[in-house]
Amino acid sequence: MGKNLLLEHDHVPGIQSYEVYRKHGGYAAVEKALKQLSPEAVVEEVKKSGLRGRGGAGFPTGMKWSFLAKPEGVARYLVCNADESEPGTFKDRYLMERIPHLLVEGMIASSFALGAKSAYIYIRGEYFYVSRILENAIDEAYANGWLGKNILGTGYDLDLYVQVGAGAYICGEETALLESLEGKRGNPRIKPPFPAIAGLYGCPTVVNNVETIAAVVPIVNMGGDEYAKIGIGKSTGTKLISASGHINKPGVYEIELGVPVEEFIYSDEYCGGIKNGKQLKAVVAGGSSVPILPAHLILKTANGEPRLMSYESLADGGFATGTMLGSGGFIVMDEDTSIVKNLWNFSRFYHHESCGQCSPCREGTGWMEKILHRILHGHGKLSDIDLLWDIQGKIEGKTICPLGDAAAWPVAAAIRHFRSEFEEYVKHPEKIKDVQHYYRLNSLSEA
Amino acid sequence: MNNIRFSDESLALVQKMIRRYPEGRQKSALIPILHIAQAEFDGWLSPAVMDYVASLLNIQPVEVYEVASFYSMFNLKPVGKCVIEVCRTSSCWLLGAEDVIRHLEKKLNVTVGGTTNDGMFTLKSVECLGSCGTAPMMQVGADYYENLTLDKVDTLVEGFKSSGKRKSYTDKPEPRTI
Ligand SMILES: Cc1cc2nc3c(=O)[nH]c(=O)nc-3n(C[C@H](O)[C@H](O)[C@H](O)COP(=O)(O)O)c2cc1C
Ligand code: FES
């Protein structure tokens with residue numbers, strides 16, 4: 001069964017407005033946090049909840065918060081990561097557009113817990129229209145005394161701002177995001193120091209994903225222990241899944257962690273099965289960066305257990321036979337999909353988005369795109385497949401930020417699980433249709 | 001060259017933005033201000049416009065150039081009044097983005113990256129816009145156009161043409177039915 005903690009009211013008419021949101025229990029978490037709890041107690045609830053970062057890495061949020069340095073007289077910041085650029089991911093946009101006040105409420109409760117007096121929501125530039133919706137919600141929150149000076153008479157002050165980016169996947173990486181917020185190019189910083197010690201303007205900073213911050217609202221309302229009862233094992237609570245590709249019902253679904261993958265793909269409550277009655281071929285389960293899995297491995301683990309939508313179950317088997325929950329960008333491919341073409345599409349993306357600081361990523365992503373292009377057009381050699389394998393291995397783990405890993409993993413996984421398809425392209429170039437077209441598109445899109 | 005100046009309305013907005021940041025950190029407002037500048041000065045950032053922005057923030061022109069050239073939404077060359085940005089990534093690609101791009105190339109008689117002779121349209125292909133559940137899709141100015149079909153694309157293009165208006169990211173968006 002779907003479990004709604006975040007999207008409980010997303011279909012209520014007018015829920016974007018303060019009045020309607022408040023009528024449906026909105027801002028109760030801020031009231032509770034500021035009036036009944038101390039900042040430390042809020043952090044404690046988040047720790048107990050077992051909430052893990054929803055931006056992709058799944059790092060425990062309570063632990064991240066407890067690392068925040070608190071030197072006397074130095075400002076602390078909370079920054080919300082609303083850059084959402086991982087291909088296949090669109091849940092944050094949905095949440096911000098539908099229930100903007102949920103994010104605003106989460107930002108206030110979380111800022112209070114961290115002792116931040118200024119907080120920023122950094123949103124990707126393409127979501128300009130969403131930034132207006134957020135700004136409107138923030139104005140309403142100020143007007144009703146939830147932001148500004150002496151909130152609810154508790155002496156706590158908070159200012160909240162929205163900052164738009166301008167198109168760059170890398171700005172979703174937290175230190176690149178901070179650079180961008182400071183008005184610079186989005187080049188990731190070398191860590192350490194981590195943002196918890198030296199983040200925005202060199203001050204202690206927490207960066208959290210939109211969904212993570214929104215989840216703080218139900219956690220404060222119900223208490224961390226209750227939240228931890230939802231889900232399965234260390235995958236507590238609910239997760240927003242962005243479902244897209246060859247399915248009957250694409251969209252954003254809030255699931256209780258632990259739903260079987262098979263149910264998620266085939267039940268009418270979620271994806272509603274594969275489009276046009278086709279067979280499932282493969283799934284990229286957590287955004288373009290995570291390893292692709294063929295149908296048999298996404299539905300069942302290598303041990304034959306049903307695969308579940310949880311951090312642990314999706315990762316079962318490591319990269320040999322498993323994948324990752326990642327951002328929850330669930331991309332489904334039917335039997336007619338070319339894995340080689342799809343991989344070329346992803347590789348072009350990473351090449352385009354590499355910030356260019358580290359040579360392995362800057363050069364390697366370009367080489368991978370070029371080799372895949374060559375294979376796709378019937379000019380590949382069998383040794384090219386090994387060359388791709390070699391290059392991805394020389395990018396992974398050798399860059400300042402994980403964009404390099406994100407570019408390498410899809411290549412490794414596609415070759416691992418679909419090697420024969422690459423060989424088919426090399427051995428039977430005469431079977432490749434549409435070659436002319438692909439040449440053209442690629443050369444032009446570089447214009 | 002020196003007659004570049006924001007409207008009073010934009011200047012007020014710029015001042016408001018600068019106040020969002022701590023003392024001495026006014027450079028943080030650079031990206032939002034570049035968006036305003038691009039919308040106000042014909043959809044692109046000329047060197048003269050960038051120099052003007054640098055002067056407003058009291059920073060070196062090169063600090064503006066290096067930022068403007070990093071981000072894909074900033075145009076450093078003149079563009080058409082409507083920049084059509086078609087998503088070319090993953091789910092959009094699986095569901096026919098290439099057909100949309102090819103169709104637009106034919107319809108507008110341009111190639112990706114090009115501008116029509118009448119200066120009305122520039123066609124771009126861009127990476128995932130976070131709308132994969134309603135693929136294929138494209139963005140024009142502030143607006144997302146989703147679940148595209150070739151017919152829908154035709155209707156939209158005709159609409160842009162007959163209105164003849166410039167579309168910017170900072171525009172008030174069209175009402176959305178969600
Ligand atoms: C290349 C790259 C892109 C990323 N993009 C995003 C993003 O768009 N949104 C996001 O929340 N996190 C993104 N992340 C993860 C962030 O660096 C960071 O881990 C996250 O914002 C932390 O928030 P969380 O703990 O709440 O998940 C990205 C990381 C990398 C390496
Ligand atoms: S793939 Fe086109 S919007 Fe995400």
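These legends describe close-up views of a predicted model. Local features need pLDDT of at least 70, side-chain atom pairs count only at pLDDT 80 or more, and totals for chains, interfaces and linings use all residues. Residues are numbered from 1 along each chain as its sequence is written, chains are lettered from A and ligands numbered from 1 in the order written, and side-chain values use heavy atoms, without hydrogens or water.

**View 1. Chain A as a whole.**
Chain A has 19 helices and 12 strands. Helices (H or I, at least four residues) and strands (E, at least two) are DSSP runs, numbered from the N terminus. The C-alpha trace of chain A spans about 75 × 45 × 35 Å along its principal axes. The radius of gyration of chain A is 22 Å, which agrees with the value near 22 Å for a compact globule of 447 residues. That radius is taken over C-alpha atoms, and the globule rule is 2.2 Å times the number of residues to the power 0.38.

Of the 447 residues of chain A, 63% are buried. Buried means under 20% relative accessible area, exposed means over 50%, and partly exposed lies in between (1.4 Å probe, protein chains only). Contacts are heavy atoms within 4.5 Å. Among the contacts in chain A with a separation of 6 or more, 70% come from residues 24 or more positions apart.

**View 2. The ring pair Phe319(A) and Trp409(A).**
The structure holds 24 aromatic pairs over all chains. One of them is Phe319(A) with Trp409(A), an edge-to-face pair at 5.1 Å centre to centre and 80° between the planes. Rings of Phe, Tyr and Trp (its six-membered ring) pair if their centres lie within 6.5 Å; planes under 30 degrees apart are stacked, over 60 edge-to-face, and the rest tilted. The pair links distant parts of the chain, with Phe319(A) in helix H14 (residues 318–321) and Trp409(A) in helix H18 (residues 403–427), 90 residues apart. Phe319(A) has 27% relative accessibility and counts as partly exposed. Trp409(A), at 19%, counts as buried.

**View 3. The ring pair Tyr145(B) and Phe160(B).**
The ring centres of Tyr145(B) and Phe160(B) are 5.7 Å apart and the planes stand at 65°, so this pair is edge-to-face. Tyr145(B) belongs to strand E4 (residues 143–145) of chain B, and Phe160(B) to helix H7 (residues 150–163) of chain B, so the pair ties together parts 15 residues apart in sequence. Both Tyr145(B) and Phe160(B) are buried.

**View 4. An aromatic cluster with residues of chains A and B.**
One aromatic cluster is formed by Tyr77(A), Tyr120(A), Tyr161(A), Tyr201(A) and Tyr21(B).

**View 5. Two cis peptide bonds.**
Most residues other than glycine have a negative phi, and most peptide bonds are trans. From Pro192(A) to Pro193(A) the peptide bond is cis, with omega near 0°. Pro193(A) sits in the loop between helix H8 (174–181) and strand E5 (205–209) of chain A. Ala135(B) and Pro136(B) are also joined by a cis bond, with omega about -10°. Pro136(B) is in the loop between strand E2 (121–126) and strand E3 (138–140) of chain B.

Asn150(A) is not a glycine, yet its phi is positive, near 50°. Asn150(A) lies in strand E3 (residues 148–151) of chain A. At 40% relative accessibility, Asn150(A) is partly exposed. Asp42(B) has a positive phi of about 65° and is not a glycine either. The loop between helix H2 (30–40) and helix H3 (47–57) of chain B holds Asp42(B). With 48% relative accessibility, Asp42(B) counts as partly exposed.
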